[in-house]
Amino acid sequence: MSGTFLGMPSFPRNAAAAVQDSQLRFNLRKATHTIRDRRLSVVGELPDWAELRQAGKAIKDHTLRHLDTYLLQMEEAVTRAGGKVHWAADAAEANRIVTGLVKATGETSVVKVKSMATQEIELNEALAEEGITAYETDLAELIVQLGDDFPSHILVPAIHRNRSEIREIFLSKMAEWGKPAPASLTDEPRALAEAARLHLRERFLSTKVAVSGANFMIAETGTLVVLESEGNGRMCLTLPETLISVVGIEKLLPRWQDLEVFLQLLPRSSTGERMNPYTSSWTGATEGQEFHLVLVDNGRTQVLADEVGRQALRCIRCSACLNVCPVYERAGGHAYGSVYPGPIGAILTPQLRGMGSELDRSLPYASSLCGACFDACPVAIDIPEVLVHLRSRARHARAERLGMRAAGWVFGKPGRLARAQRMGSRFRRLVPRRLPGPLGGWTDTREIPDIPAQSFRDWWEQTDGGRR
Amino acid sequence: MRVALFITCVNDTLFPGTGQAVVSLLRRLGCEVEFPAAQTCCGQMHVNTGYRAEGVRLAEHFVDVFAGYDAVVAPSGSCAAMVREQYPRLVHAARSSGPRVPSGLAGAVAEMTPKVHDLSEFLVDVLGVTDVGAYFPHRVTYHPTCHSLRGLRVGDRPTRLLSQVRGLELVPLRGAEECCGFGGTFAVKNAAVSSAMCADKVRNVMDTGAEVLCAADNSCLMHIGGALKRQRTGVRIMHLAEILAATEEVR
């Protein structure tokens, strides 16, 4: 990723622009519906999916409740296996640690395994400031990096691009970063993958430092686990002389055995596969390779302190919620202004970053509360519950506050409601076809319903419930 | 059995015909329904927009009004889900942070919630009927609203009821389980996305060739219907209660 999301306008404004992009909507619809259907079919194969989901939830909740214990256990196990553990309270500290580690090797470039945590802390930008180039090696991340673009999906960062756009990016940008794409490049997926393979292969063989994240950390053994589809991650994890893994503290699982649950939940929920092609695990340093683990908090303990909001920390970054979300499908990932888009982003970003900016305050409202995300979530995060919870913590605009207070007053006594209804009925012919202010958002595309001559309560009173 | 009608503020104010249909339908099935006139609003708009304190006050009022009844029937999946799913959470959350919560509210809510039913649940589960003796000779498609589907989990109860209606041809709706984009204040706060969602719903409704779009929530119908009308599609919206109340005699 290049650049930063800072200073972006609110979600409604970003989304209003995005829905006008018909190419984007076509790409997103096609991609999300494909993954959505695949997920449904492989989840449906497992008779014990509901139990697995509950087990996943329970293991994560247990771990979060005893996070302090398991983190220390993890540190001890990694250290015992020859690795070095670093603690980072926030993004700046994590970036400082990683930059320092890379500088100590004397190298000026690193290869990267796809990682959400390093995007969250904007590591690539921090490295660039110190003259270190980070090369993304995940195919989709490569597309985003070459295109000087932002990721728009957790699992498929370039989901907003179709293959002819990718061909253009490869042709015009690969040469700036390394081995150029062949001039005869077509938009066949096989040809695009081959161009990326040749471009990256050169990189893997020449780079001595790698940076990764991890899907899971096992406290009992000190093992890190990465699930991927391409094998590029494994290249990064095994070839370089120094491996630095940057991992959020909530990625812990207590025991090796717990993986059994998550290796079933994650691939089926994310790519819609029974099993992903490459699962790599490593414990500490191996011969000829130095290993560093950077444990990142960056707002997570603050989330943990919130009784309702903390369930967001169960997230295993599968992105099933994105793929079923009707809002994400129309607005696209960039509108969320965060590396975590979609429903999970709408509850995670405002908790991690706080609700200081207009954008972050608007995120809990980026949902119709339809509940599709909760049903799809493999660790049963009740996203609508957290959205409503965060809305109650958000600062509201003055006009809205007054309107809501007035509505609350009217609903406070049945007599007030009846009088308001009668007033509406009396002036019902005067209601304009286009409403003013924010309410115009309704009448731009929809008629407002006709106000009836009489409310139900007045009808009931007048006719004794229809008996007169 | 004392049955109360929880009309909901939207139906009370904008769709009185739906309430009248519920009354005539339940009477036809031998069930006398009372209308507690002190009722106002369940507080869903306030709570879901982030105004918890007002929500708690309205919840308190709601449980006061409906306390003495054996069953509370609402012609709205969304408002029934508000009471059944959200009230317990609301009280819990309000207690641990923020607004003043009267003692005894948690108990009153716990007692209240199992008695609250959406219309289709009340007909199928409490009265035990799926054939309500209705007659409606039209081509109808059904939109299962999100809160009925994923909140209350009413499942196929509404379509079981509709499939027993004489003369009615029920045509399946593509992408039926997808949200129409209403979402309360979402429709105004995120009007662009809401309208885009609605546009897809309208296209799917048009593809069915139905004369009538039916749902168990007038708020969603108001949203889809508003677009159907703006586009002059000629497709009518009708609440489930209105179709079930229609008979050969009353046409």
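How many bridges join β5(B) to strand β7 of chain B, and do the two run parallel or antiparallel? Three bridges join β5(B) to β7 (residues 212-215), and the strands run parallel.

## Basis

This is a predicted model: local features need pLDDT of at least 70, side-chain atom pairs count only at pLDDT 80 or more, and totals for chains, interfaces and linings use all residues. Residues are numbered from 1 along each chain as its sequence is written, chains are lettered from A and ligands numbered from 1 in the order written, and side-chain values use heavy atoms, without hydrogens and water.

## Strands in chain B

Strand β5 (residues 139-142) of chain B also pairs with strand β6 (residues 169-171) of chain B. Three bridges join them, again in parallel. Strands are DSSP runs of E, at least two residues; a pair needs at least two DSSP bridges.

R139(B) faces E169(B) in β6(B). T141(B) stands opposite L213(B) in β7(B).

## Interface of chains A and B

Chain B puts 64 residues into the contact and chain A 67. Contact means heavy atoms within 4.5 Å. The buried area is about 5500 Å², 57% of it from carbon and sulfur atoms. That is accessible area (1.4 Å probe) lost on being put together, summed over both parts.

The interface holds 11 salt bridges (Lys or Arg side-chain nitrogen within 4 Å of an Asp or Glu carboxyl oxygen). One joins D200(B) to R330(A), with the closest N and O atoms 2.5 Å apart. Helix α11 (residues 191-208) of chain B gives the most to the side of chain B that touches chain A: eight residues. Helices are DSSP runs of H or I, at least four residues.

Methods: Buried area = accessible area lost by both parts, 1.4 Å probe.
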